[in-house]
Amino acid sequence: MAEEVKLFAKWASPFSRRIEVALKLKGVEYEYIEEDLFNKSPALLNYNPVHKKVPVLVHNGKPIAESLVIMEYIDETWKHNPILPVDPFEKAMARFWAKFIDDKFWAIWPAAKKAMISGGEKEREEGIEEAQLHLKVLETQLKEKKFFGSERLGFVEITASLIVCIVVAQEAMGVEILTQDKFPALHELTQKFADDDVFKQCVPPREKHSAYFKALLGALAASK
């Protein structure tokens, strides 16, 4: 009996993209189901009644939610091409840094968004400064870590692909936050994503991605 693998996702969601990358690295065939987050399908609400959000992976009828949890499930279910280290200590460290990246992103994004939608120069500068303070912590803590040294993407790198959103959004809104001179390690990582064959299959076209952020952040700015 063939395995049934479905991914409920949103094309612009970096959390959905993590799962697409993990599945493609494993060579797992799956059905992609695009969700309208303003009109969520009954299936999504049924499979993720707690958070009611994407991504959700459904494997042979069993739903798994939350992107880091899903990535671990994928790695444990399909053993080939591992994305987590085999060594228990290294695996624990990968989980730690993935959680660190997630926590830090939710500090960076509100500050970055503030800088991008602010009408006043003072508020914009405050947002940039706050976002860069958090980015500096990420840069300092991760630039020496070996997770980013391998040729293929692993668990921590896939998690860190969130920063691509900041790069695209700042370009769309004409704000400089994550710059090469201030954050060389993070900039190098974004270039690694741009060059990776698997990641390129999952990321939307730059023009479409940029237009999405311009419309989203522009609407937020107009509503202030």
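**Close-up 1. Asn-81 and Glu-66, two residues other than glycine with positive phi, in the predicted model.** Asn-81 counts as partly exposed in this predicted model, with a relative accessibility of 37%, and is found in the loop between α3 and α4. Its phi is near 50 degrees, a positive value in a residue that is not glycine. Glu-66, which lies in the loop between β4 and α3, likewise has a positive phi, here of about 75 degrees, although Glu-66 is not a glycine. Glu-66 counts as partly exposed, at 32% relative accessibility.

**Close-up 2. The cis peptide bond between Val-54 and Pro-55.** The peptide bond that joins Val-54 and Pro-55 is cis, with omega at about 0 degrees. Pro-55 has its place in the loop between α2, which covers residues 42-47, and β3.

**Close-up 3. The buried residues of helix α3 and the elements that cover them.** Within helix α3 (residues 67-77), the buried residues are Ser-67, Leu-68, Ile-70, Met-71, Glu-72, Ile-74 and Asp-75. The cover over these buried residues includes helices α1 (14-26), α4 and α6 (155-160), together with strands β3 (56-59) and β4 (62-65). Ala-94, placed in helix α4 (residues 88-117), is buried, with a relative accessible area of 1%. From C-alpha to C-alpha, Ala-94 and Ile-70 are 15 Å apart in space, and 24 residues separate them in sequence.

**Close-up 4. Aromatic rings, as a pair and as a cluster.** The structure holds eleven aromatic pairs. One of them is formed by Phe-96 and Trp-97, which are arranged edge-to-face with 5.0 Å from centre to centre and 90 degrees between the planes. Phe-96 is partly exposed, with a relative accessible area of 45%, whereas Trp-97 is buried, with a relative accessible area of 8%. Ring pairs also link Trp-11, Phe-15, Phe-105, Trp-106, Trp-109, Tyr-212 and Phe-213 into a cluster. Over the ring of Trp-11, a member of this cluster, sits the charged end of Lys-208, 4.4 Å from the ring centre.

**Close-up 5. The crossing of helices α7 and α8.** Two packed helices are described by the angle between their axes and the distance between the axes. The axes of helix α7 (residues 163-173) and helix α8 (residues 184-195) come within 10 Å and cross at roughly 95 degrees, and the two helices are therefore roughly perpendicular to each other. On the α7 side the contact involves Ile-163, Val-164 and Val-167, which meet Leu-186, Leu-189, Thr-190 and Phe-193 of α8. By class, this contact of α7 with α8 has six nonpolar residues, one polar residue and no charged residues.

**Close-up 6. The packing of helix α4 against helix α10.** Helices α4 and α10 pack with their axes 9 Å apart and at an angle of about 75 degrees, which makes α4 roughly perpendicular to α10. From α4, the contact is made by Trp-109, Lys-113, Met-116 and Ile-117, and from α10 by Phe-213, Leu-217, Leu-220 and Ala-221. The residues of this contact divide into seven nonpolar, no polar and one charged.

Close-up 7. Leaving aside residues up to four places away in sequence, His-209 touches Trp-11, Ala-12, Arg-17, Val-168, Val-203 and Pro-204. Lys-214 and Glu-171 are 43 residues apart in sequence, and their C-alpha atoms are 9.1 Å apart in space.

Key. Residues numbered from 1 in each chain as written. Predicted model: local features only at pLDDT ≥ 70, side-chain atom pairs only at ≥ 80, totals over all residues. Heavy atoms only, no water. Phe/Tyr/Trp six-rings, centres within 6.5 Å; stacked < 30°, edge-to-face > 60°. Buried < 20%, exposed > 50% of the residue type's maximum accessible area, 1.4 Å probe, protein only. Lys NZ or Arg CZ within 6 Å of the ring centre and 35° of its normal. Axes fitted to C-alpha atoms, helices over the stretch in contact; angles between N-to-C directions. Helix = DSSP H or I, 4+ residues; strand = E, 2+ residues; numbered from the N terminus. Parallel < 35°, antiparallel > 145°, perpendicular 65-115°, else oblique. Contact = heavy atoms within 4.5 Å. Nonpolar A, V, L, I, M, F, W, Y, C, P; charged D, E, K, R; others polar.
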